[in-house]
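The report below goes through one protein model by topic, with the cut-offs for each term given where the term is first used.

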Amino acid sequence: MPRRLLQRYMPHPETLKRNRSLRFMSHWIGNPSLWVLSRRGVANAFMVGLFSALLPIPFQMVVAAFGAWLLRCNLPLSVGLVWITNPLTIPLIFYGNYRLGAWLLSTPAREAPEALSTRWVAEQMLDILPILALGSLVAAVVVGLGANLVVRLLWRWHVVRSWKQRRHRRRQRRAARRRGDEHAP
């Protein structure tokens, strides 16, 4: 994976430790194992972050941070991935999760009224919540595990490709030296 690209956008642990609002967690934030960009750490961070993002709960970032701490994976990446569910995407994602839950339970999905209101949502919440919870949990597990697998495979592919490119460059240099090229790469 492009480790340098990820490092460019990640905050530095010292910056977060100096932040006044995060000072109470400075010993926890400073744990080096939560900042490592390894194949395992990044893959698990994707799994934790996407799992947390798909849950219909408040404080998803706290859940992602706790999951990163438990699995010793990359903290900023797992917390940042939670923002896949933002005010623009939440309705679509949670409606998809609701439809998945309805399909799994073999119940007809409710259609939204023409004029969606908080009153309608509050009245329907008892019926919608179990279906949404099941759909969200299944989607979170599947997407989290799938993301973990995809990141590990992409990371491996990138490493193998880099090895092949290095081997090819070394062969070119040796061949150029044998020919006596003075402008060998």
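L154 has its place in helix α8, where helices are DSSP runs of H or I with at least four residues, strands are DSSP runs of E with at least two, and both are numbered from the N terminus. At 42% relative accessibility L154 counts as partly exposed, a class that lies between buried (under 20% relative accessible area) and exposed (over 50%), with a 1.4 Å probe and protein chains only. L154 and A43 are 111 residues apart in sequence, and their C-alpha atoms are 9.9 Å apart in space.

## Basis of the values

This is a predicted model, in which local features need pLDDT of at least 70 and side-chain atom pairs count only at pLDDT 80 or more, whereas totals for chains, interfaces and linings use all residues. Residues are numbered from 1 along each chain as its sequence is written, and side-chain values use heavy atoms, with hydrogens and water left out.

## Overall architecture

The secondary structure of the protein chain amounts to eight helices and zero strands, so that reading along the sequence gives the pattern α-α-α-α-α-α-α-α. Of the 185 residues in the protein chain, 30% are buried. Among contacts (heavy atoms within 4.5 Å) with a separation of 6 or more, 69% are accounted for by residues 24 or more positions apart.

## Nonpolar cores

A nonpolar core is a set of buried Ala, Val, Leu, Ile, Met, Phe, Trp, Tyr and Cys residues joined through side-chain atoms within 4.5 Å. The largest such core has 18 residues, of which V42, A64, C73, L75, L77 and V79 touch the most other members. At least two residues of this core come from each of α4 (39-53), α5 (60-71), α6 (75-81) and α8. A second, separate core of six residues includes F94, Y98, A102 and L132.

When residues up to four places away in sequence are not counted, A64 touches V48, S52, S78, V79 and V82.

## Aromatic pairs and the salt bridge

Two aromatic pairs are found in a search of the whole structure, where rings of Phe, Tyr and Trp (its six-membered ring) pair if their centres lie within 6.5 Å, and planes under 30 degrees apart count as stacked, over 60 as edge-to-face and the rest as tilted. Y95 and Y98 form a tilted pair, with 6.5 Å centre to centre and 35° between the planes. Both residues lie in helix α7, three residues apart, about one turn of the helix. Y98 is buried, with a relative accessible area of 6%, whereas Y95 counts as partly exposed at 39% relative accessibility.

The count of salt bridges comes to one, a salt bridge being a side-chain nitrogen of Lys or Arg within 4 Å of a carboxyl oxygen of Asp or Glu. R119 forms this bridge with E123, and the closest N and O atoms are 3.1 Å apart. R119 and E123 both lie in helix α8, four residues apart, about one turn of the helix. R119 counts as exposed at 62% relative accessibility, while E123 at 48% counts as partly exposed.

## A nonpolar surface patch

L116, V121, M125 and L129 make a nonpolar surface patch of about 330 Å². Patches are made of residues with over 30% relative accessible area and no salt bridge, with like charges joined within 9 Å and nonpolar side chains (Val, Leu, Ile, Met, Phe, Trp, Tyr) within 5 Å. L116 is found in the loop between α7 (90-104) and α8 (118-179), and it counts as exposed at 59% relative accessibility.

L129 lies in helix α8 and counts as partly exposed at 43% relative accessibility. The C-alpha atoms of L129 and G101, 28 residues apart along the chain, are separated by 9.9 Å.

## Positive phi in two loops

F59, although not a glycine, has a positive phi of about 60°; F59 lies in the loop between α4 and α5 and counts as exposed at 63% relative accessibility. R72, also not a glycine, has a positive phi of about 55°. The place of R72 is in the loop between α5 and α6, and R72 is partly exposed, with a relative accessible area of 34%.

Notes: Accessible areas come from the Shrake-Rupley method with a 1.4 Å probe; for residues, only the protein chains shown count as cover.
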